[in-house]
Amino acid sequence: MLISFHDNSNSLYCLGYSALMSSFLILITASPQSTQAHLTALKFAQQLVTDQIELKSVFFYQDAVSVALNSLLPPSDEPQITERWSIFAQKNQIELQTCVAASLRRGLMGAEEAKEHQIACANLAPAFSMAGLGQLAAGLNDPSVKLIHFK
Amino acid sequence: MPQIINLIINQSTFAGSHFKESIDLALVCAAFDHQVNLIFQHDGVYNLVNSQQSMIIGEKSQVDLLKGLSFYDIENVYADIDSMQTRSFGIESLLIDVKLLNASELNRLNQQADQVVVL
């Protein structure tokens, strides 16, 4: 089932079915530094909110988890992606979930994981939470949920 | 309510943790009773080749991971026949039994799925 969207008229059209009865789950797997995926996903997420279409959560997997680091310091004239996700999530009460296995593999951890593995510093940005892949799989149990993947 | 989830792997092996993480997602979805179709396409078919010698670069073998798929309820494993042919290997070169599909059969499989994720 193909999903495509246009935002030139500030509204979302989904080919083949009505978006009105659906909700979305966003999956991102791409690095925030080397791809445009996060910026596009942010734009899409914001449009869902504007159009009052439910966004269940945003799930970060593989290289995308690094966006949840509290230590990313891009130059001030470049997009502040972590900050933008944080502001979006807090304003709209949307969960930002990073896969715990992918995170640990890449050196990202919350306070609990840091304590468990005796690592000096937790580095998970406050707006993000650690989650298992099971939460993504469970989110798909709802047949009205459409998964959209940015890579 | 379980859904039909097509997971397409189109990157070759040893590209970091990509393969392992893709399989992890398949395993977890199957554990949550979703019907998982695992599809190897383009460079992803290299993951299936039986002549891999990962110990040479200090990597764990992918054989066990692939052979364990059916044990974890992933029964439907497909490979794109065109991708294999353009890379010059046939079904006898594969580590596990897969169903070979051509482009239009794959297209149909994707049309029938509730979700399609390309990893």
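Helices here are DSSP runs of H or I with at least four residues, strands are DSSP runs of E with at least two, and both are numbered from the N terminus. Keep that in mind for everything that follows.

Now, what are we looking at? This is a predicted model, where local features need pLDDT of at least 70, side-chain atom pairs count only at pLDDT 80 or more, and totals for chains, interfaces and linings use all residues. Residues are numbered from 1 along each chain as its sequence is written, chains are lettered from A and ligands numbered from 1 in the order in which they are written, and side-chain values use heavy atoms, with hydrogens and water left out.

Start with helix H2 of chain A, residues 81-92. Trp85(A) and Phe88(A) sit three residues apart in it, so about one helical turn separates them. Over all chains, there are eight aromatic pairs. The rule: rings of Phe, Tyr and Trp (its six-membered ring) pair if their centres lie within 6.5 Å; planes under 30 degrees apart are stacked, over 60 edge-to-face, the rest tilted. Trp85(A) and Phe88(A) have ring centres 6.3 Å apart and planes at 75 degrees, so this pair is edge-to-face.

Next, the sheet of chain A. Two strands pair if DSSP finds at least two bridges between them. Chain A has an open sheet of five strands, ordered E4-E3-E2-E1-E5, with parallel pairing. Strands E4 (128-131) and E5 (145-150) of chain A are at the edges with a single partner strand each, so one side of each has no neighbour in the sheet. From one strand to the next, the twist averages 30 degrees. Angles run from 0 to 180 degrees between N-to-C directions, and axes are lines fitted to C-alpha atoms, for helices over the stretch in contact.

Strand E3 (95-99) of chain A runs parallel to E4(A), joined by four bridges. There, Thr98(A) stands opposite Met130(A). Helix H1 (37-50) of chain A packs on the sheet and touches E1 (23-28), E2 (54-60) and E5 of chain A. Its direction makes about 170 degrees with that of E1(A). Contact means heavy atoms within 4.5 Å.

On to chain B. Its open sheet has five strands in the order E4-E3-E2-E1-E5, with parallel pairing. The edge strands are E4 (99-101) and E5 (115-118) of chain B. The twist averages 25 degrees from one strand to the next. Six bridges join E1(B) to the parallel strand E2 (35-40) of chain B. Ile8(B) has Ile39(B) as its bridge partner in E2(B). H1(B) lies across E1 and E2 of chain B, at about 170 degrees to E1(B).

Last stop: which residues line the largest cavity? They are Leu27(A), Leu136(A), Leu140(A), Leu147(A), Ile5(B), Leu7(B), Leu25(B), Cys29(B) and Val117(B). Strand E1 (4-9) and helix H1 (18-31) of chain B each give two or more residues to that lining.

Methods:
1 Å grid on protein atoms, 1.4 Å probe; cavity = no way out; pocket = protein on both sides within 12 Å on 5 of 7 lines; lining within 4 Å.
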